[in-house]
Amino acid sequence: MRVSVIIPNYNHARFLDERINSVLNQTYQDFELIILDDISSDNSLQVIEKYKDNSHISHIVCNACNSGSSFKQWRKGLELAQGELVWIAESDDSADATLLEKLVSAYDATPNCTLAFCHSMLTDVEGNAISVHFRQKALKKCTFKDLCSQNYVVNASGALFSRQAALSVPDEFTTYKGCGDWLFWIELAHRGGVAVVPEALNFFRQHEENTTSLLKKNGSRLLESKKLSDTLLGKGYISLIDFLKIKIYSIATAKYGCDLPDETKNEILKTWGDNFFWSFLAVIKNTLFKK
């Protein structure tokens, strides 16, 4: 098979039938399906068990203890996968039947491609369309540099990537709660070309229990942005100016642009160092007087 599809699941039993069938009913059929369960406390295993005899299923693995990180599940899936390409189909999302077909085509048409992704349609909990994610509405192309400044791969369920390239990505991304996916996409883009399919083929479900919502509520992404920025600066992926811009954005968001408990806001500001004014002046100075 050419593609390995990985469904990492934790307590998404109510969405699993739709998710699994949206994979099995793809117009592109050259794939294996790997289902991972992180010790769900709902009836996920009963739902998964219904599909055990499907010819596409190569592995069903239930952890002995909770991994504590969706990115560790990604790594486990990558190690089990046999395909040249990988699609991580998150367990609470869904997809247009042509997603794999169009992503594989875009991947093949892009020289030295390591990552291809489509637009993501935000949906409500029932699967009704809301809108295309705001970062992707006008997006038709994306580069390594673009990804270093903004995470345009807003949802893993909309991405297809090289297994070989992914296996060469250091395990550091698995140490994150919120920003691990962003670092993962950056590392993939650093290794080759990026293709964008400007169609909303991925259905990114919004609900209170999805990982993105939980991370936004607890401030994990803003807390981890310092660690990620330090990593990108240390690798030479971003400049000092870029780093300071991210710092200003993170401090300003924590202070004025998010609804977080004061304790969390203070932790974010302490992590970054709350010298917003001096950081702003440094950016202006370096921009005006750069050689």
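Ala-95 stands opposite Asn-202 in β9. This is a predicted model, where local features need pLDDT of at least 70, side-chain atom pairs count only at pLDDT 80 or more, and totals for chains, interfaces and linings use all residues. Residues are numbered from 1 along each chain as its sequence is written, and side-chain values use heavy atoms, leaving out hydrogens and water.

**Strands around β9**
- Helices (H or I, at least four residues) and strands (E, at least two) are DSSP runs, numbered from the N terminus.
- β5 (residues 94–95) and β9 (residues 193–205) run antiparallel, joined by two bridges; strands pair if DSSP finds at least two bridges between them.
- β6 (residues 113–123) runs parallel to β9, with 10 bridges joining them.
- Within that pairing, Cys-118 stands opposite Val-197 in β9.

**Ser-157**
- Look for Ser-157 in the loop between α5 (144–149) and β8 (159–162).
- Ser-157 counts as buried because its relative accessibility is 0%; buried means under 20% relative accessible area, exposed over 50%, and partly exposed in between (1.4 Å probe, protein chains only).
- Leaving aside residues up to four places away in sequence, Ser-157 touches Arg-19, Trp-87, Ile-88, Ala-89, Glu-90, Asp-93, Leu-99 and Asn-202; contact means heavy atoms within 4.5 Å.
- Asn-202, one of those contacts, is also the residue opposite Ala-95.

**Helix α7 and the cavity**
- Helix α7 (residues 180–190) is mostly covered, with 10 of its 11 residues buried.
- Among the buried ones are Trp-182, Leu-183, Trp-185 and Glu-187.
- A search of the whole structure turns up one cavity of 30 Å³ or more; on a 1 Å grid over the protein atoms alone, a cavity is a set of points where a 1.4 Å probe fits but cannot get out, and lining residues have an atom within 4 Å of a point.
- The largest cavity has a volume of about 40 Å³, that is, the space filled by probe spheres set on the points, which are joined across faces, edges and corners.
- Val-169, Pro-170, Glu-172, Phe-173, Leu-183, Glu-187 and Lys-235 line the largest cavity.
- By class, that lining has four nonpolar, no polar and three charged residues.

**Cysteines**
- There are zero disulfides here (a disulfide is a pair of cysteine sulfur atoms within 2.5 Å).
- Cys-113 is too far for a bond, because the closest cysteine sulfur, in Cys-142, is 11 Å from its own.
- Cys-142 is too far for one as well, since its sulfur is 9.7 Å from the closest cysteine sulfur, in Cys-148.
- Cys-113 is buried at a relative accessible area of 8%, and Cys-142 counts as buried at 5%.

Terms used
1 Å grid on protein atoms, 1.4 Å probe; cavity = no way out; pocket = protein on both sides within 12 Å on 5 of 7 lines; lining within 4 Å. Nonpolar A, V, L, I, M, F, W, Y, C, P; charged D, E, K, R; others polar.
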